[in-house]
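Subject: Structure handover

Hello,

Here is the structure I promised to pass on. Please open it first, then read my notes below.

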Amino acid sequence: MTTARRSFRFACAPAEIPLVEEMLRLQGFRFEEDPFFPPARRLVEGPGPLGNSLAGFFGLLYIQDRASMLPPVALDPPKGASVLDMCSSPGSKTSQLAWLVGPDGLVLGNEPSPVRLANLRRNLHVMGLTQTVTCCQSGESMPLPDASWDFIQLDPPCSGWGTVEKNPRVMDIWKDDKVAPLIRLQKDLLREAGRLLRPGGVVVYSTCTTDVEENEKQVLFAREELGLELEPLDSVPGFNLQPPQGCEGVWCLSPKLGDTQGFFVARLRKPGRSEGPVPYTEQPVQAEVVDDRRLREQGLDPERVHADIGIFGGSLHALPVQALARLPESLHWQGLYMGKAGKNGDIRLSPRVRIEGPGAHVDLEGMEGLKIISGLLQGQSIAAPSGIGAGERTALLRWNSLPLGRLNIKNKRLVWSER
């Protein structure tokens with residue numbers, strides 16, 4: 001069955017990409033590389049929806065319009081960096097930024113809407129991004145110190161005119177005075193980003209609209225009212241970018257049927273040079289941290305987590321080192337969900353935790369292995385391998401050495417269960 005040329009990117013570690021590509025090919029998907037971003041691909045053909053693939057189920061890829069991948073590419077934070085994503089849900093750019101900064105970095109994803117925040121957290125959990133933390137604050141006034149971030153992603157609410165191919169009525173819904181509140185909000189968010197930026201720091205402002213008031217005029221506001229400097233962006237392979245006159249150096253993309261949505265991207269730098277260390281919080285989150293011994297008993301190698309794991313009520317959450325050092329408790333931030341904690345101190349990792357360790361493993365290979373995995377996701381069970389210890393309750397499922405998740409051990413059978 002032929003499908004549209006849908007775009008996606010790999011959300012796994014770079015070394016795992018060839019294995020995920022092989023998994024997709026065995027399931028009948030054909031795709032091609034997109035040169036502007038190494039993990040990006042364009043779907044050529046497939047037997048059904050890409051989201052129904054095993055790679056999609058296990059969070060090894062993320063379906064995303066290729067234009068939507070441009071803002072993190074423009075921000076380009078280095079490995080180990082800390083990034084604030086001010087308007088985060090559903091997590092497209094948050095997870096892409098996490099890929100860029102790597103497991104030792106930090107991405108704080110803020111989402112003002114509690115409903116959208118839940119969706120954001122679900123998506124990050126599926127991808128297993130322990131370097132991400134989330135909060136639910138008003139983006140116009142965040143409880144964070146002045147000049148505390150070198151990299152900020154700002155993709156604010158907008159009229160969405162660039163999505164007209166998918167949403168034909170969008171330009172009728174958002175027109176005339178209806179756009180005015182969005183424009184005011186965008187300015188307030190830009191003002192807050194300017195406050196939070198360290199001297200020399202960068203904010204990437206982006207929208208999925210073609211509205212001049214929300215794009216070029218907001219860049220003008222950032223330059224004239226906030227004192228930010230427009231930093232010209234280099235050309236990008238595979239895109240027909242036409243910067244508007246008087247706003248050269250931005251990426252301006254018109255919507256193209258069957259190819260990409262419209263997008264606007266500008267990189268703005270705060271003048272000056274940062275001096276001294278990044279501000280550290282004097283009110284860090286207080287939590288009981290699971291010790292390394294207990295993690296190993298659960299089949300988890302602590303050194304592969306790149307974060308502490310804290311107990312909060314009945315839940316386990318990742319606590320990245322940078323988050324503990326920089327983010328105040330008053331932010332009410334939350335690390336990635338990692339599992340459950342019992343009242344007696346017992347812990348149980350989420351089946352989505354695919355980090356390796358010393359515990360039991362189940363290794364499957366090739367097409368036959370994929371068939372078995374598909375059966376497990378449909379409620380079937382398989383025999384537990386010999387040698388599993390009496391106290392072990394989970395086994396790490398691997399395909400061609402690629403870790404996928406944790407199977408529960410019940411009566412010497414292995415099952416997939418997220419309950």
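Two strands pair if DSSP finds at least two bridges between them. Helices (H or I, at least four residues) and strands (E, at least two) are DSSP runs, numbered from the N terminus.

This is a predicted model: local features need pLDDT of at least 70, side-chain atom pairs count only at pLDDT 80 or more, and totals for chains, interfaces and linings use all residues. Residues are numbered from 1 along each chain as its sequence is written, and side-chain values use heavy atoms, with hydrogens and water left out.

Sheets first. S17 (residues 337-341) is joined to S18 by 3 bridges. There, alanine 341 has isoleucine 347 of S18 as its bridge partner.

Another open sheet of 5 strands runs S19-S21-S22-S23-S20, with mixed pairing. S19 and S20 (382-383) are its edges; each has a single partner strand, so one side of each is left without a neighbour in the sheet. S20 pairs with S23 (residues 413-415) over 2 bridges, in the antiparallel sense. Alanine 383 has arginine 413 in S23 as its bridge partner.

Helix H11 (residues 366-377) lies across S19, S20, S21, S22 (402-410) and S23. H11 runs at about 140° to S21 (axes are lines fitted to C-alpha atoms, for helices over the stretch in contact, meaning heavy atoms within 4.5 Å; angles run from 0 to 180 degrees between N-to-C directions).

Now the spaces. On a 1 Å grid over the protein atoms alone, a cavity is a set of points where a 1.4 Å probe fits but cannot get out; a pocket is an open set with protein on both sides within 12 Å along at least five of seven lines; lining residues have an atom within 4 Å of a point. Grid points are joined across faces, edges and corners, and a volume is the space filled by probe spheres set on the points.

There is 1 cavity of 30 Å³ or more. The largest cavity has a volume of about 50 Å³. Its lining includes Gln298, His361 and Arg406. S19 (360-364) and S21 (394-399) each give two or more residues to that lining. S21 gives the largest share, 3 residues.

The second largest pocket has a volume of about 680 Å³. It is lined by 33 residues; Ala13, Glu16, Pro103, Gly128 and Arg354 lie nearest its centre.

Best wishes
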